[in-house]
Each structure stands twice: as C-alpha cells, then as structure tokens.
Amino acid sequence: ALWAEDYIGQPVLGVVRSVPGTPWWLVMRLGRDEVYAPLRGELPWILAAALLAGVAGAALVRLVAERQSLRHATAERDHHAELARELAAAEAALQRRRADLEAEVAQRTRSMDEAVAALRASEGFTRLVADHLPARIAYWNRERRCLFANQAYGHWLNLPLDRIVGRTAAEVHGPAQAAQATRRVQRALAGEALEFERTERRPDGSTGVTLMQYLPHRDDHGQV
C-alpha cells in the first residue's frame with residue numbers, strides 16, 4: 001500500500017496486486033476521506049479516552065503526592081510524639097532526682113542540726129565542768145590565740161572571758177610574759193607534753209607558784 005495521486009490529482013491510498021496466471025494487475029484505491037472516515041467517527045471517543053486518561057493520570061499523581069505528604073506528616077507526627085514521650089520521661093526523671101535531692105538535703109540538715117545540738121550540749125557540758133574546777137584551763141591554737149578559757153582562768157587574771165577568748169597570748173598576758181613562754185609553747189606544738197612550775201604575777205601585783213601543764217591536742221591526722 002502506498003499514498004499516491006489518482007488521475008484527477010486527488011490523494012489516494014492504492015494497493016496493486018497481480019492476478020495469478022494472467023498478465024493482468026488488480027489495482028485498488030481509496031480516497032483519503034474514505035481512509036479516515038472510520039477514524040473520524042471514533043475521534044470523539046478517542047479524545048474522550050485521552051482526556052479521561054489525562055484526568056486519571058493527574059488524579060493518580062495527586063493521590064501519590066497526597067499519600068507521600070500524608071506519610072511524611074505521619075512520620076513527623078510520630079517523631080514529635082516520640083520527642084514528647086522522651087521529654088516527659090526526662091521531666092519525670094528530673095522530678096524524681098529533685099525529690100531525692102530534697103530528701104537528701106533534708107536528711108543532711110536534720111543530721112547537721114542534731115550534730116550542732118550535740119556539739120552545743122557537749123560544749124555546754126565541757127563549760128559546766130571546766131567552770132567548776134579550781135584549776136585554770138585554757139586552750140590555745142598554733143597562732144597562740146585563745147579558743148577557750150574557764151572561769152578560774154578569768155578570775156586569776158581579773159578579766160572577763162570575752163577579754164581572753166579570741167585574743168593572743170601577748171594581748172592577754174602581755175608581750176614579755178608571752179615571749180618568756182615561747183620555748184615551752186614551741187615544744188608543746190611539736191607534740192611534747194610538758195609539766196613544770198612557774199612563778200606568776202597577777203594583775204594586782206601578787207605572785208604565786210603555779211604547776212603548769214602544756215598538753216598538745218592532736219587531730220585525726222596526728223597534727224597538733
């Protein structure tokens with residue numbers, strides 16, 4: 001089959017076949033209108049099918065896009081939900097830790113209050129006993145500053161205790177007497193317990209021989 005023009009110049013579709021056993025040839029032709037006539041009848045259906053296919057394709061594309069968007073939104077929602085659960089768990093753990101710390105602080109506060117009360121009771125007992133002893137008792141640190149003195153110590157010096165406790169030996173006894181005791185004080189601070197007699201002069205001018213004891217106090221590490 002081939003396209004050609006007939007004798008009047010119209011485009012036709014021609015088919016040529018030989019007739020077997022004869023010198024004859026069979027020629028058939030169809031005009032263009034005849035060829036396309038069936039297609040023209042089906043053209044509206046073809047166009048409708050194409051349009052429907054286009055609409056269906058667009059709908060399919062939109063559906064796929066919506067499903068992807070929904071999948072993304074679902075994944076994001078699940079991620080947010082997971083974050084919310086983790087945050088809630090962290091907040092719960094923080095609340096528990098805060099409650100534990102508050103309980104621990106309360107316990108330590110009670111223990112500290114009890115220790116302070118026990119220390120005050122011990123100090124009160126120590127003060128009670130020391131103040132009723134006739135012997136003079138004083139406690140000095142390494143800087144030779146008085147941290148404790150009983151009533152007998154104050155009576156001997158004719159000074160109130162607040163003029164003794166917290167002051168240095170030079171301030172309480174005077175620089176000369178403090179310097180005189182330096183050597184023995186240094187031996188006591190080195191860890192040596194001393195017992196000796198010393199002639200002392202009171203602030204009123206009277207004198208007396210006193211038996212003195214320097215007793216080093218060691219801490220938990222053995223330091224004086």
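Tutor: A caution comes first: this is a predicted model. Now the setting. The protein has five helices and seven strands. Along the sequence, the order is β-β-β-α-β-β-α-α-α-α-β-β. Of its 224 residues, 15% are buried. The accessible surface is about 17600 Å². Carbon and sulfur atoms account for 59% of that area. Now take contacts between residues at least 6 apart in sequence: 21% of them join residues at least 24 apart.

Next, the loops. Most residues other than glycine have a negative phi. R144 has a positive phi, about 60°, and is not a glycine. Where does R144 lie? R144 belongs to the loop between β4 and β5. Strand β4 covers 138-140, and β5 covers 146-149.

N158 is not a glycine either, yet its phi is positive, at about 55°. Its loop runs between two helices, α2 (151-157) and α3 (169-173). Is N158 buried or exposed? Its relative accessibility is 65%. The cut-off for exposed is over 50%, so N158 counts as exposed.

R144 sits in a loop between strands, whereas N158 sits in a loop between helices. Phi is positive at R144, and phi is positive at N158.

Notes: Residues numbered from 1 in each chain as written. Predicted model: local features only at pLDDT ≥ 70, side-chain atom pairs only at ≥ 80, totals over all residues. Heavy atoms only, no water. Helix = DSSP H or I, 4+ residues; strand = E, 2+ residues; numbered from the N terminus. Buried < 20%, exposed > 50% of the residue type's maximum accessible area, 1.4 Å probe, protein only. Contact = heavy atoms within 4.5 Å. Areas by Shrake-Rupley, 256 points an atom, 1.4 Å probe, with all protein chains shown as cover.
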